[in-house]
Amino acid sequence: MNPNISRRSLLRAGAGTLALGLMAACTTTKSGTTTTVTLNVAEVVDYGNAILSFASTAINVSFVASAMGTANLALANTVITSLKSALTAFSTAAGSSTSVSYDSASVKTAFDSILADVEKVDTLIVAVITGTAANLTSSVVSDAKTAAGAAETLIDLLKAMVDMSGPRLRAVSPVDPNAAIGKIAIFSASQG
């Protein structure tokens with residue numbers, strides 16, 4: 001590997017990897033003025049379940065719960081319950097299909113609910129971990145920050161599935177959704 005790799009070539013490589021990953025996650029077709037987005041059911045469910053696992057685990061970590069406060073902790077529990085319901089509704093709408101059209105009313109409603117809930121996980125839980133943890137050091141904090149970054153990646157990937165203006169990932173490095181899911185699994189197992 002070239003130690004003098006430029007930031008621009010790193011970004012280009014990351015964008016290429018992301019594009020390949022998103023092609024597997026969804027397809028977009030246009031017929032006249034109608035754009036149809038087809039979602040990969042397994043990926044939506046896997047990403048959603050990983051974010052759900054992250055959120056359920058993170059709110060039980062003492063520094064996270066303390067930083068969130070009672071009201072936000074109650075709100076986070078409501079969001080977690082809502083995300084579980086949205087994932088169930090999406091799975092029900094998809095049935096046994098491996099891919100579904102986002103344009104289908106029941107799929108769109110369920111997927112939009114998933115997006116709304118993961119956005120709340122991002123603002124309620126991920127933001128607390130990344131903001132609070134800046135001044136804290138321990139292996140638990142480090143693990144929580146790593147899991148929060150993985151959750152951000154999956155949230156961005158879910159949003160990018162239906163964002164017609166193109167993906168806007170916060171991550172600069174190439175995106176590997178399986179690695180993100182793995183980081184969350186390790187965090188959940190270590191805290192459980």
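A residue is called buried when its relative accessible area is under 20%, exposed when that area is over 50%, and partly exposed in between, with a 1.4 Å probe and protein chains only. By that rule Tyr 102, with a relative accessible area of 11%, is buried.

The structure on display is a predicted model, in which local features need pLDDT of at least 70 and side-chain atom pairs count only at pLDDT 80 or more, while totals for chains, interfaces and linings use all residues. Residues are numbered from 1 along each chain as its sequence is written, and side-chain values use heavy atoms, with hydrogens and water left out.

**The whole chain**

Begin with the protein chain as a cartoon: there are 6 helices and 3 strands. These are DSSP runs, numbered from the N terminus, with at least four residues for helices (H or I) and at least two for strands (E). Along the sequence, their pattern is α-β-β-α-α-β-α-α-α. Of the 192 residues in the chain, 39% count as buried.

Next, select helix H3 (residues 62-94) and helix H4 (residues 105-132), whose axes come within 8 Å and cross at roughly 160°. H3 is therefore roughly antiparallel to H4. The axes are lines fitted to C-alpha atoms, for helices over the stretch in contact, and angles run from 0 to 180 degrees between N-to-C directions. Angles under 35 degrees count as roughly parallel, over 145 as roughly antiparallel, 65 to 115 as roughly perpendicular, and the rest as oblique.

Where H3 meets H4, the contact residues divide into 23 nonpolar, 5 polar and 2 charged. Here Ala, Val, Leu, Ile, Met, Phe, Trp, Tyr, Cys and Pro count as nonpolar, Asp, Glu, Lys and Arg as charged, and the others, Gly among them, as polar.

**The nonpolar core**

Which residues have the most contacts inside the largest nonpolar core? Select Leu 39, Phe 54, Phe 90, Phe 111, Ile 114, Ile 125 and Leu 158; the core has 55 residues. Such a core is a set of buried Ala, Val, Leu, Ile, Met, Phe, Trp, Tyr and Cys residues joined through side-chain atoms within 4.5 Å. Two or more residues each come from strand S2 (34-40), helix H2 (41-58), H3, H4, helix H5 (139-160) and helix H6 (177-191). H4 gives the largest share, 12 residues.

**Aromatic rings**

Rings of Phe, Tyr and Trp (its six-membered ring) pair if their centres lie within 6.5 Å; planes under 30 degrees apart count as stacked, over 60 as edge-to-face and the rest as tilted. The count comes to 3 aromatic pairs. Select Phe 54 and Phe 187: their ring centres are 6.1 Å apart and their planes are at 40°, so the pair is tilted. Because Phe 54 lies in helix H2 and Phe 187 in helix H6, the pair ties together parts that are 133 residues apart in sequence. Phe 54 is buried at 0% relative accessibility, and Phe 187 is buried at 2%.

Move to Tyr 102 and Phe 111, whose ring centres are 5.7 Å apart and whose planes are at 85°, so this pair is edge-to-face. Phe 111 is buried, at 0% relative accessibility.

**A last stop**

Finally, select Gly 48 in helix H2, a residue that is buried with a relative accessible area of 0%. Gly 48 and Phe 111 are 63 residues apart in sequence and 10.0 Å apart in space, C-alpha to C-alpha.
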